[in-house]
Amino acid sequence: MNCQNHQATAAAATCAGCAEAFCENCLVPMGASRYCGGCKTMAVPASALTITRESEDAAKALKLAFLGIFCFGFIVAPMAISAALTARKEIAANPTVGGLGKANAALIIAPAVLIVSVVGAILRVKGMGR
């Protein structure tokens, strides 16, 4: 018996969902069972796909990034970057936590704010020396 996806490869086992034969590369272990690519989505529990709450750090990071645009960017932007990285770790560890978009937006805005504020401070200091 050969793999359904790779006709030249011998099948290693059958999918727990559709009972078709597949090689080792085509089967995904999920718990005690192994599934093919088409069936693995059916095997994932609905609770694992549902966002139950949003990361507080992601919201905080985005607020700090926007605050940095208007005042004290060189102080607030690193705080936003730190909060965004913490949020991304939290979201990666728990798929029921949302807010990845906010964390990613903060990681785009905050470094730009930091660069602009530092360059602006340098230019102000250079201007004072004249």
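Helix H4 passes helix H5 in a left-handed crossing, that is, the near helix is turned anticlockwise from the far one by less than a right angle. The model is predicted, with local features requiring pLDDT of at least 70 and side-chain atom pairs pLDDT 80 or more, while totals for chains, interfaces and linings use all residues. Residues are numbered from 1 along each chain as its sequence is written, and side-chain values use heavy atoms, without hydrogens and water.

The axes of H4 (residues 73–93) and H5 (residues 100–128) cross at roughly 155° and come within 8 Å; such axes are lines fitted to C-alpha atoms over the stretch in contact, with angles from 0 to 180 degrees between N-to-C directions. Helices are DSSP runs (H or I, at least four residues) numbered from the N terminus. H4 and H5 are therefore roughly antiparallel, a term for angles over 145 degrees.

In the contact (heavy atoms within 4.5 Å), H4 residues including Phe-74, Ile-81 and Arg-88 meet H5 residues including Leu-107, Pro-111 and Val-118. By class, this contact has 18 nonpolar, 3 polar and 1 charged residues; Ala, Val, Leu, Ile, Met, Phe, Trp, Tyr, Cys and Pro count as nonpolar, Asp, Glu, Lys and Arg as charged, and the others, Gly among them, as polar.

The largest nonpolar core has 13 residues. A core is a set of buried Ala, Val, Leu, Ile, Met, Phe, Trp, Tyr and Cys residues joined through side-chain atoms within 4.5 Å, buried meaning under 20% relative accessible area with a 1.4 Å probe, protein chains only. Helix H3 (56–70), H4 and H5 each supply at least two residues of this core, and its largest share, 5 residues, comes from H4.

How values were computed:
Angles under 35 degrees count as roughly parallel, over 145 as roughly antiparallel, 65 to 115 as roughly perpendicular and the rest as oblique. Buried means under 20% relative accessible area, exposed over 50%, partly exposed in between (1.4 Å probe, protein chains only).
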